[in-house]
Amino acid sequence: MATLLGEILTNWQILTTAQLESALRRQKVRQGRIGSILIELGYVDHQDIATALEEQHAVPCVDLLDFPSINPALVELIPLETAIRHQVLPLRKTGAVLTVAITDPTNVPALDEVKFMTGLQVEPVVAPELCLRQATEEYYGTEATIALQEVCDELATQGYQLDFSEDEEHVDLGELQKSSSQAPVIKLVNLILAEAIRQGASDVHVEPYEKEFRVRHRIDGVLRTMMNPPVKLRDALISRIKIMASLDISQRRLPQEGRFKMQMTEQSRQRHIDFRVSVVPTLFGEKVVLRILDPTKLRPNLEQLGLESTSLKRLKRSIHAPHGVVLATGPTGSGKTSTLYTCLHQLNTSEVNILTAEDPVEFHFVGVNQVQTNEELGLTFATALRSFLRQDPNSVMLGEIRDSETAEVAVKAALTGHLVLSTLHTIDAPTAIDRLVNMGVERFLVATSVRLICAQRLVRKICSDCKEKVQFSRDTLIQTGFSPAELTRLLTYQGRGCPTCHNSGYKGRTGLFEVLEISADIRQMILNGDYVEDIRRQARNRGMITLRESGLEKIRAGITTVEEVVKETLIH
């Protein structure tokens with residue numbers, strides 16, 4: 001009997017007994033192969049699993065990167081359904097022998113089926129499950145792209161006319177409602193959304209053009225084209241999304257916003273995903289953007305955000321203070337709201353009363369009283385906060401300080417003994433002080449109320465499966481911010497591209513942080529009206545790490561690349 005995979009890894013001391021037990025517990029809940037679960041938990045990498053599989057089955061293990069181009073004629077030998085069901089992929093044909101990659105080389109029925117359908121002798125080699133699945137998608141297409149062709153074929157056989165007049169007065173709403181409710185269209189939309197979730201996308205863009213219709217996913221901050229459906233599917237597909245979000249399909253001249261929820265089952269585990277929908281009319285039809293709000297993506301611990309140790313201690317100290325304003329600053333999409341949610345998670349106990357005013361409420365927290373603002377009804381951040389102060393709060397969170405009224409109320413709330421968390425759009429931490437002053441908040445109020453300002457950016461992480469050393473020129477590294485003295489021992493990395501990262505070299509994102517704690521001397525500088533540059537200089541003297549310096553730390557640690565840090569930060 002073959003030795004178990006987990007046992008091999010523990011014998012090699014790659015895996016601890018505690019880690020294996022943790023993975024086995026998760027396997028009981030989620031099912032799936034133990035190797036994939038160990039990789040998902042971060043206990044091992046793909047190379048560890050590949051080497052262990054080779055030992056376990058006494059069958060050679062292949063790196064699918066060594067097969068950059070498989071002959072399409074070979075791929076056609078094994079149908080997609082068989083490839084997915086048995087997790088098998090043809091690699092090469094030598095005479096009458098077909099070499100196939102498979103996750104379980106002891107699966108004799110699968111090998112016999114391939115042998116029967118191809119008429120060839122089958123020679124198995126083993127490949128890790130995730131790598132094989134991604135390679136299968138590369139050569140056969142994803143489920144969604146395959147379903148696209150099925151949708152087109154099925155609708156064609158049903159004879160539905162999906163081309164609608166551009167004249168808003170002559171849109172056949174009955175036909176539009178009918179086509180958007182057809183099973184193929186529903187299936188396609190569901191698969192687009194499911195594929196976006198599986199790939200870890202944050203947004204889905206559905207974009208109509210004159211002679212093109214495309215669907216893109218934003219993954220790790222970068223948009224990637226997922227598919228290009230026929231233009232004739234445009235109205236049916238967009239209307240289906242609008243119906244799901246309870247929007248008016250007859251209104252195609254004005255922007256609309258809505259949301260809906262989907263329940264997904266993944267490896268016997270149910271997940272509830274919220275989608276926030278924005279529809280705007282464009283020259284060639286309505287563009288739809290869906291923001292994916294996946295609660296499993298929230299990081300419950302501040303340690304997981306990527307803060308350096310000094311910055312982390314200062315942030316923890318400030319959010320556990322009895323009062324004061326804590327600000328997260330940065331451009332749109334820099335992770336400010338996620339940082340505040342993580343802070344709320346740390347504060348959320350049965351002993352405190354927490355209220356939030358958000359536009360919109362992105363994630364629901366048990367134990368936190370969340371309010372959706374509505375400016376049309378007069379429920380602004382400022383009015384919500386005034387009401388909060390009569391609700392006996394310990395901590396309050398405002399989605400954003402965007403005007404002088406909100407800023408003033410937030411500052412006064414902090415001065416009356418409350419902890420106020422909020423966001424602000426500034427390029428770095430020190431400039432947030434001037435931003436509040438320019439909003440009309442008196443300097444003495446800013447100086448006495450603001451406790452900490454945390455500026456942040458998101459950068460992509462190097463893919464761990466294809467990470468390799470790379471040498472940059474001395475001038476480039478010095479211009480990035482490294483000192484000449486450390487260049488001799490500095491190691492830099494990048495990803496060469498692999499199926500795991502869709503050949504981008506990056507997988508996942510982490511934060512760069514600049515944490516300005518308002519000390520007594522900086523408070524006095526604010527009162528004196530000192531320049532931002534002077535405040536920044538003093539903060540750095542007291543140990544503040546700038547955004548660029550935080551990026552340099554991530555480069556030294558081999559987490560991200562020089563290009564990512566240079567793109568997102570400036571040297572002060």
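This is a predicted model: local features need pLDDT of at least 70, side-chain atom pairs count only at pLDDT 80 or more; totals for chains, interfaces and linings use all residues.
Of the 572 residues in this protein, 50% are buried, where buried stands for under 20% relative accessible area, exposed for over 50% and partly exposed for what lies in between, with a 1.4 Å probe and protein chains only. Residues are numbered from 1 along each chain as its sequence is written, and side-chain values use heavy atoms, with hydrogens and water left out.

The accessible surface comes to about 26,900 Å², and 49% of that belongs to carbon and sulfur atoms; the areas are from the Shrake-Rupley method with a 1.4 Å probe, and for residues only the protein chains shown count as cover. The secondary structure consists of 23 helices and 18 strands, taken as DSSP runs numbered from the N terminus, with helices being H or I of at least four residues and strands E of at least two. Among contacts with a separation of 6 or more, 65% are accounted for by residues 24 or more positions apart, a contact being heavy atoms within 4.5 Å.

Leu-436 belongs to helix 17, residues 431-438, where Thr-431, Ala-432 and Ile-433 are buried along with it. Once its neighbours within four places in sequence are left aside, Leu-436 is in contact with Leu-327, Ala-407, Leu-424, Val-441, Val-446 and Val-450. Helix 17 is followed by Gly-440, whose phi is positive, near 105°.

And where is Ile-555 found? Ile-555 lies in helix 22, residues 547-556, and it counts as buried because its relative accessibility is 1%. Apart from neighbours within four places in sequence, Ile-555 is in contact with Phe-482, Leu-491, Thr-492, Thr-560, Thr-561, Val-562 and Val-565.

The structure holds two cavities of 30 Å³ or more. On a 1 Å grid over the protein atoms alone, a cavity is a set of points where a 1.4 Å probe fits but cannot get out, whereas a pocket is an open set with protein on both sides within 12 Å along at least five of seven lines, and lining residues have an atom within 4 Å of a point. The second largest cavity holds about 30 Å³ of space, and its lining is made of Val-189, Ile-192, Leu-193, Val-206, Leu-237, Ile-241 and Leu-290. Helix 11 (183-198) and helix 12 (234-244) each give two or more residues to that lining.

The second largest pocket has a volume of about 660 Å³. Of the 17 residues that line this pocket, the closest to its centre are Glu-257, Arg-276, Asp-359, Pro-360 and Gln-372. Strand 7 (256-266), strand 8 (269-282) and strand 9 (285-293) are the elements that give two or more residues to the lining.

Key
Grid points are joined across faces, edges and corners, and a volume is the space filled by probe spheres set on the points.
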